[in-house]
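Work through the exercises below with the structure open beside them. Each task is followed by its solution in steps.

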Amino acid sequence: MKIKDVRGKKVVCLEGEINAQTGSQVKAQVLDLFKTCNLAIISFKGVVYMNSSGLREIIDLLKNSTKSKKELILCDMSNDIREMFSFTGLDKVFKICDTEAKALG
Amino acid sequence: MIMSELKNTFKDGRLKVVLNEDVHTDDFDQITSLLKKLSGITYLGIDMHNCVYIQSKILAELIALKKLSMARKFDISLLNINENISQVLEMANLRSFFTIEDDFSVFDINELCDRFLDPVDAQNVCDCMAANYDDAIREKLEEVIRSDDPIKTEYAILTMGRAQDYGGIDIFRKELDNPARNVRRAAILVLGWVGDTDSKEKIYNFLADSDAETAEAAAASIALLSDNDDSDKLAKYLKNSDDRVRISAVKALSLVNDDRAFEHLKNAMADEKSEPVRVSLTKAISSFNKEEVREILIKLLDAPSIAVREAAASGIVRVGPKNYVSAIVNKVTDKDSWVGFFAAKALAEVCTESVASQLKNVYEQVEENVKLSIVEVLGKSSADNSSFLMERIKDANEDIRKEALNALDNSGSQEAINIALKLYDTDESWLVRYKAVEMIAAAKPVGYEKLLRLRIASEDNRYVREKLVSAVGD
């Protein structure tokens with residue numbers, strides 16, 4: 001996972017597999033980021049695999065973000081990852097943009 | 001006529017004014033007066049949800065406001081306009097003159113809940129309420145759920161779920177017994193979102209529901225709520241007589257994605273006869289991070305079903321070919337050209353000189369879609385394929401010429417920009433000219449602005465002309 005700063009906005013670039021362990025690390029790092037910013041963009045461009053445990057960690061991250069009034073935007077998902085979100089109806093729960101550029105606004 | 005005062009809000013430089021049903025030209029005097037009185041305006045939103053129709057004199061007032069916005073440099077939007085007004089703007093050629101948006105923030109809670117009944121607005125209303133969720137909204141949604149309207153209840157549940165209202169779990173559980181299937185479906189989904197594992201056993205009862213969407217929602221929520229035992233439980237549904245139930249179970253097992261799920265899916269592939277289920281199984285198997293997956297997918301490239309072969313080839317693109325490069329190269333000439341298309345694409349990350357040479361050798365034997373895929377892959381190759389790609393610039397197929405130009409660009413060939421400079425005003429295909437202009441604008445060779453500007457007048461394609469104008473100005 002890499003974190004970059006684009007025009008003052010934090011973009012978290014996920015890589016490889018999102019499971020219980022990596023998902024939990026993502027959650028911890030993004031919540032840590034929220035100590036100094038109000039918006040985090042999570043790019044799924046490098047994500048090849050994700051399971052329900054990883055997805056649960058991302059839902060939990062959203063829950064914590066909402067509670068602390070922080071904004072989370074997901075972007076750059078492959079068709080397969082996007083299908084997971086639409087299968088579970090979570091595409092309506094998360095703010096999802098097609099590309100990082102759109103997420104940055 | 002007695003003019004009523006227009007409802008308005010002003011916050012952070014954003015002024016929103018709600019027009020009345022009987023909109024009158026005097027209303028615009030009020031808006032102008034507000035614009036004079038308030039300082040630091042960056043945005044004016046004119047809400048028209050009360051207006052059924054507008055006369056031409058109102059159009060003149062809107063145009064005057066637009067001109068004022070341009071002079072004073074603030075944005076202006078027309079909010080919540082209906083189809084009639086949209087058509088009036090269209091007929092007057094003013095549709096593109098204004099930004100037109102939906103904005104539900106001007107509605108009170110009761111009006112918003114009524115809009116749950118509008119199939120076009122319902123999702124957006126849900127978003128708006130979830131984004132502004134507070135105790136008042138929660139109270140209203142609970143009231144809606146207590147009413148007998150199944151559509152409003154469905155959206156009230158979904159809104160609470162979207163707002164991550166974990167306090168609503170008892171309500172969602174109760175709605176699993178609602179007589180309306182759309183309400184039950186919403187409750188199933190939301191219980192998955194909020195992670196209510198206590199509801200999982202009850203949700204299993206919906207996995208073979210006669211309503212396919214309910215069964216799919218149940219499968220999704222069970223996957224979200226799953227623990228170590230659920231793969232075995234879900235696997236029982238892989239033997240259900242209904243294809244749709246088996247597909248839902250496949251998707252759920254793919255999402256659970258543990259070792260047991262993989263074994264069940266692999267075994268199901270051996271017995272399954274239905275093509276749609278086999279396609280779903282193929283996609284599901286490719287979602288596992290296991291070495292064995294590639295071997296299974298390569299074997300499936302020989303499946304009798306074209307749809308399964310395509311799903312397998314697409315899966316290989318996803319997981320990467322690793323040690324199966326030569327097997328995939330052989331598939332580039334498959335009798336199903338889409339298998340060839342995906343097989344070539346799967347080689348993009350491993351296109352060494354040897355692979356590139358094999359692809360070039362079979363190029364003339366394959367169909368146009370496979371050729372396109374090969375040209376694209378050669379542009380990503382570590383080998384020098386520039387002379388082969390330059391030959392493709394002469395191809396009769398405009399898609400191949402465009403892709404060859406793109407591939408030359410991607411490969412970093414020194415010749416790429418010179419070819420673009422030849423094609424931007426000579427190629428008969430606008431697709432090729434567009435790509436050439438894009439490359440020139442990005443590379444900015446000496447004198448490019450003059451060349452592109454000269455081309456604007458003679459370019460007859462609007463997309464290329466717009467690209468030229470965006471590159472060098474009108």
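**Exercise 1: an aromatic pair in chain B**

Phe107(B) is buried, at a relative accessible area of 6%; buried means under 20% relative accessible area, exposed over 50%, and partly exposed in between (1.4 Å probe, protein chains only). This is a predicted model, in which local features need pLDDT of at least 70, side-chain atom pairs count only at pLDDT 80 or more, and totals for chains, interfaces and linings use all residues. Residues are numbered from 1 along each chain as its sequence is written, chains are lettered from A and ligands numbered from 1 in the order in which they are written, and side-chain values use heavy atoms, with hydrogens and water left out.

Task: classify the ring pair of Phe104(B) and Phe107(B).

Solution.
- Step 1. Rings of Phe, Tyr and Trp (its six-membered ring) pair if their centres lie within 6.5 Å; planes under 30 degrees apart count as stacked, over 60 as edge-to-face and the rest as tilted.
- Step 2. The centres of Phe104(B) and Phe107(B) are 5.9 Å apart and the planes stand at 35°, so this pair is tilted.
- Step 3. Phe104(B) is buried, with a relative accessible area of 6%.

**Exercise 2: a pair within a helix**

Task: classify the ring pair of Trp338(B) and Phe341(B), and say where the two residues lie.

Solution.
- Step 1. With centres 4.9 Å apart and planes at 70°, the rings of Trp338(B) and Phe341(B) are edge-to-face.
- Step 2. Both belong to helix α19 (residues 337-346) of chain B, where a spacing of 3 residues separates them by about one helical turn. Helices (H or I, at least four residues) and strands (E, at least two) are DSSP runs, numbered from the N terminus.
- Step 3. Trp338(B) is partly exposed at 39% relative accessibility, whereas Phe341(B) is buried at 16%.

**Exercise 3: where the chains meet**

Task: describe the contact between chain B and chain A.

Solution.
- Step 1. In contact (heavy atoms within 4.5 Å) are 28 residues of chain B and 20 residues of chain A.
- Step 2. The two chains bury about 2,200 Å² between them, 59% of it on carbon and sulfur atoms; buried area is the accessible area (1.4 Å probe) that two parts lose on being put together, summed over both.
- Step 3. Leu224(B), Leu255(B) and Arg318(B) lose the most area on the chain B side, together 31% of what that side buries.
- Step 4. There are 2 salt bridges between the chains, each a side-chain nitrogen of Lys or Arg within 4 Å of a carboxyl oxygen of Asp or Glu. Lys283(B) forms a salt bridge with Glu83(A), with the closest N and O atoms 3.5 Å apart.
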